[in-house]
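Reader: I'd like to learn how to read ring contacts and helices off a model. Can we walk through one together?

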Amino acid sequence: MGMLGWATNLHGLQLLGIDGPSALELHANRIYLPLRSPSPSGGHSAARAFYTPVYRFFAGYVTWCFVAWLIFRMATHSDTALVDIFRYIPAVCVLGVLTILVCPHDVFHKRERDSFLFAAARCLFATSSSPVYFSDVIYADFLTSFAKVIGDMWLSLCMLLPGGSLLELPAEDGWHQWILPSLMSLPYLIRLRQCLIEYNSPRSSGSRQLFNAIKYASSLPVIFLSASQRIVALDLAQTHGDSVTREGWHGEHPLFRLWLLSAAINSIYSFWWDLTNDWGLDLLTSHSAQSRVKLPRAPVLPSLHSKDTSTGGSPHALYSLSDPTSSTSSTIAFDATARHSVPYPCGLRSVLLYPLPVYPMAIFLNFVLRMTWSIKLSSHLHAQSEGSAPIFWLEIAEVLRRWIWVFLRVEWEVVKRGGDKSRSIGNGASPNHVELVPTHSREGNID
C-alpha cells in the first residue's frame, strides 16, 4: 500500500496541475520552483517517468507475494500442523524481495530501487552539514507511519528464522524486549535528527524546526512507556494473579497513567502541527496564514511593473527568489493584491489549489486517525488484542491518512514557494500564475 500510495501521490499531483517531482526536489543536482502547471508534452511526461515505474514495481511485488502466498496455502491445506513445516515458502519470498532490492544489475527498475536505498542512506547517515531535501522529509514522515509495520517485520523475521514458529509470537525476555520499541522509534529519531540539522543550518527557519523536533520526540515516551508493560505486568502479577499479564490496561498503575498522558499529548500536538504548519491552515491558530508566509519585503525592478489586461489591469509586483547556493536569482511576478483583497473559508487559507470539499474531509480524517495512532504505537495493547485484524486495519488506515497528508503537505510547500495554479477563494477570480521572469545574474549574463 505504501508503494501504491506513493505512485498515486505523484500521479494525483500531476492530474491536479502540480509538478510533484519538482516540488519534491526529485531531480538530481537542481533546485526547482514549482511554478506553472507542466505542459502535456513536457512536465507531464517528466512526472510520468517517476510514477510509472513505481506502479510497475508495485505490480511485480504484489504478484510475487501473491504467488508465494498461494503456494503456501496449497501446501498447508489450512492445516496448522503443516504451517511450520512449509514456513520456508514465505522465507524464500522475503529473501527474493531483498535480493531484488539490492541487486546491482540493471533489472527490474534499478533507478527506482537505487533511489529508495540512497534516500534511506541519506536519512540514516546524514551529517550535520548535509542538506535535508524536501523529498527526504516526506520519506522520513512516511516511515513514521510504518513504525508499527517495521516492528511487525522484526517479529516476522524471528518467526521465520530457525527456532521460530509461525503459530506464536517469539519470546521477548531480558534485553530482547527493547528491540521492538527501538525499531519502532527509529523513524521518529530519523525525523528528529532532520529537524535538528535544519535548525542548525544557515537557512534555518528559526524555532519552527525546534518545535517540530519536539513533536517527534513526544512519540518516544508513548513507545517506551508501552514497552514497559511486561515489567509492570510481572510486578502486578505478584499481587493480582497471573491473569493480569493478559490484560492490556492497568489504569491503577502510575506508569500507565503517564503513558495515557503522553499518548494524548502526542496525538493532540501532532494534529495541531499537521493543520497549522504542515498544511498551512488557520483553523487552530489565531494568526493569519499570510503572516506566516510573507513575500519578500521590497519589490525589485519597479520599472517592469505592468498591467495585465486579462485581469482588468491589476498591477503586479515583482519579487526576487534566489537560491543561496547559486549565483543566479529569478524574479517572480505575483499578484500581491489578490491574496489580500478577497475573503476565504474560515479555518483555511487564501490560496487553495484543490477543490474546497477536500480540506474539511482531510481535517476530519486526520483528526480521527491521529487520535488512534498513539494506540498503534503501543505494543502492549497489540499483544493483548483478540486477533490481529483490528491492528491490521488501523495500520491500513494510517497509510491512508499519510497518503492524504502528502497531497496537502506538497500543496502547502508549493504555495510557500510562490504558487502553482493558485486560486483565491471568495469571488471566484483566479490570480495570475506565478511565473519566472528572466533577470541578470551577478556576472551580467541573461539567465
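Reader: Is Tyr-55 buried, exposed or partly exposed?

Author: Buried means under 20% relative accessible area, exposed over 50%, and partly exposed in between (1.4 Å probe, protein chains only). Tyr-55 comes out partly exposed, at 24%, whereas Tyr-51 is buried at 4%. Bear in mind that this is a predicted model, where local features need pLDDT of at least 70, side-chain atom pairs count only at pLDDT 80 or more, and totals for chains, interfaces and linings use all residues. Residues are numbered from 1 along each chain as its sequence is written, and side-chain values use heavy atoms, with hydrogens and water left out.

Reader: How many aromatic pairs does a search of the whole structure find?

Author: Rings of Phe, Tyr and Trp (its six-membered ring) pair if their centres lie within 6.5 Å; planes under 30 degrees apart are stacked, over 60 edge-to-face, the rest tilted. The search finds 14. One of them is Tyr-51 with Tyr-55, edge-to-face at 6.0 Å centre to centre and 80° between the planes. Ring pairs also link Tyr-269, Trp-272 and Trp-273 into a cluster.

Reader: What separates Tyr-51 and Tyr-55 along helix 3?

Author: Helices are DSSP runs (H or I, at least four residues), numbered from the N terminus. Tyr-51 and Tyr-55 are about one helical turn apart, because they sit four residues apart in helix 3 (residues 43-76).

Reader: Which charged end sits over the ring of Trp-405?

Author: That call needs NZ of Lys or CZ of Arg within 6 Å of the ring centre and within 35 degrees of the ring normal. Here Arg-402 does it, 4.5 Å from the centre. Arg-111 likewise lies over the face of Phe-50, 5.0 Å from the ring centre.

Technical notes
Helix = DSSP H or I, 4+ residues; strand = E, 2+ residues; numbered from the N terminus.
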